[in-house]
Amino acid sequence: MADPGNQFHPEPGAESDIVNAWEVLLREAHRPAPQPRRNIADTAWQCCRNATVAPHPQQDSTPAHQDQFAMRSEANRAKPAPLRALTNPEKHQGWAELVSADPAMLELVTRAQGMRNAHAPVLLHGETGVGKELFARGLHTGGPFVAINCGGLPRDLLASELFGYGDGAFTGARKGGMPGKIEAASGGTLFLDEIGEMPLEMQAHLLRVLEQKELYRVGETVPRNVTFRLVAATNRDLRQEAQAGRFRLDLFYRIAVFTLHIPPLRNRDGDISLLAHHFWHQFCREHALPSAGIDDAAMQALQAYSWPGNVRELRNVLESARLLSNGCTLMRDMLPPEIVRASHEGCEPALYNNVISMEQGERLLIQQAITACSGNLTLAAKKLNIAKSTLYFKMGRYGLSRRVL
């Protein structure tokens with residue numbers, strides 16, 4: 001047994017220093033190896049992970065709770081915050097492409113934005129080229145956006161494209177069948193353009209799909225559940241079409257829960273000039289051409305034209321003129337003949353309104369000569385290059401006097 005007198009006895013208060021020294025040695029021994037330098041985002045994330053979070057009074061601080069907290073932190077890191085632009089309806093793809101300063105058009109856009117989150121059918125009515133598909137894309141909130149033109153396909157092909165078909169439904173059918181546009185739009189938006197062109201027998205099938213939320217593929221007997229939002233567009237008056245027997249009235253009431261009437265370009269104040277400059281500079285950027293302006297005479301011609309094709313026609317005209325202008329300013333003679341001719345026709349009525357009769361012109365000319373000569377008829381006849389007797393005769397004829405007006 002060791003001599004108790006030879007044992008080391010630390011001085012009072014030195015035990016705490018020894019313990020602290022051992023803690024420092026252990027901490028240095030377990031210090032992890034230096035890691036390569038990381039960017040600010042990774043460093044900030046690691047600091048957040050290593051930070052000690054005080055538990056909520058109603059939460060426990062058990063290891064199971066800490067594991068749940070770590071799992072939630074990893075999930076939040078994997079899901080970045082959505083862009084603010086995508087949550088703003090005004091920045092949506094459809095609204096971002098709309099260019100207008102017309103008060104009626106802006107009010108219509110505001111009304112459409114209020115319908116965006118309502119899962120109800122919308123009917124867009126307007127002439128061709130007014131931008132019905134832009135409104136449809138603006139109304140789209142999420143999921144797939146599927147568009148089909150009901151007037152651009154034959155009747156038999158439209159049925160298979162819209163409802164799909166089963167295996168062996170017809171000769172040449174794909175093995176295993178094929179889903180249609182309605183199934184492809186499930187969970188999103190189906191845009192039926194020119195719905196007034198849809199055949200009557202197909203309208204009945206579409207009405208059942210909208211009411212029952214299920215469809216039958218061509219050649220199949222098993223229904224398939226579908227959920228989608230319908231946005232339809234037409235340039236026809238569907239009420240008149242229904243009265244004429246070319247459109248089902250019950251389908252019209254089903255798809256026209258909301259109706260938006262898009263005005264034509266000729267009725268939108270200031271939009272022709274605004275869109276012309278917008279498209280002109282857009283094509284300059286797209287085709288890497290020098291930026292140039294639009295001549296005043298060319299702009300007057302654009303504004304005088306009625307634009308039956310609306311915005312689509314205006315866009316095509318400006319793109320063609322931009323490619324042929326070789327970087328120069330758009331002049332009136334660069335425009336299509338029908339637009340230039342319309343500008344001349346628009347000026348003719350104003351010229352005709354200013355034309356007066358021969359008698360009115362002669363009376364006005366004599367009165368101006370008498371006024372210019374301060375009532376001196378001899379000098380007035382000399383300026384008119386007529387005899388003084390002739391001047392007296394015409395003054396009596398038109399009831400004029402030498403009184404200066």
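Start with the aromatic rings: searching the whole of this predicted model turns up four aromatic pairs. Let's visit two of them, then move on to a pocket.

**Stop one: F145 and F191.** Select these two and show their side chains. Their ring centres are 6.3 Å apart with 20° between the planes, making this a stacked pair. Now colour the strands. F145 sits in strand β2 (residues 145-149) and F191 in strand β3 (residues 189-193), so you're looking at a link between distant parts of the chain, 46 residues apart.

**Stop two: F279 and F283.** Select these next. With ring centres 6.3 Å apart and planes at 15°, F279 and F283 count as stacked because planes under 30 degrees apart fall in that class. Both belong to helix α13 (residues 271-286), and because they are four residues apart there, about one helical turn separates them. F279 and F283 are both buried, too.

**Stop three: the largest pocket.**

Helix α13 gives the largest share, with four residues. Finally, colour the lining by class: you'll find nine nonpolar, eight charged and six polar residues.

Key
Residues numbered from 1 in each chain as written. Predicted model: local features only at pLDDT ≥ 70, side-chain atom pairs only at ≥ 80, totals over all residues. Heavy atoms only, no water. Phe/Tyr/Trp six-rings, centres within 6.5 Å; stacked < 30°, edge-to-face > 60°. Helix = DSSP H or I, 4+ residues; strand = E, 2+ residues; numbered from the N terminus. Buried < 20%, exposed > 50% of the residue type's maximum accessible area, 1.4 Å probe, protein only. Nonpolar A, V, L, I, M, F, W, Y, C, P; charged D, E, K, R; others polar.
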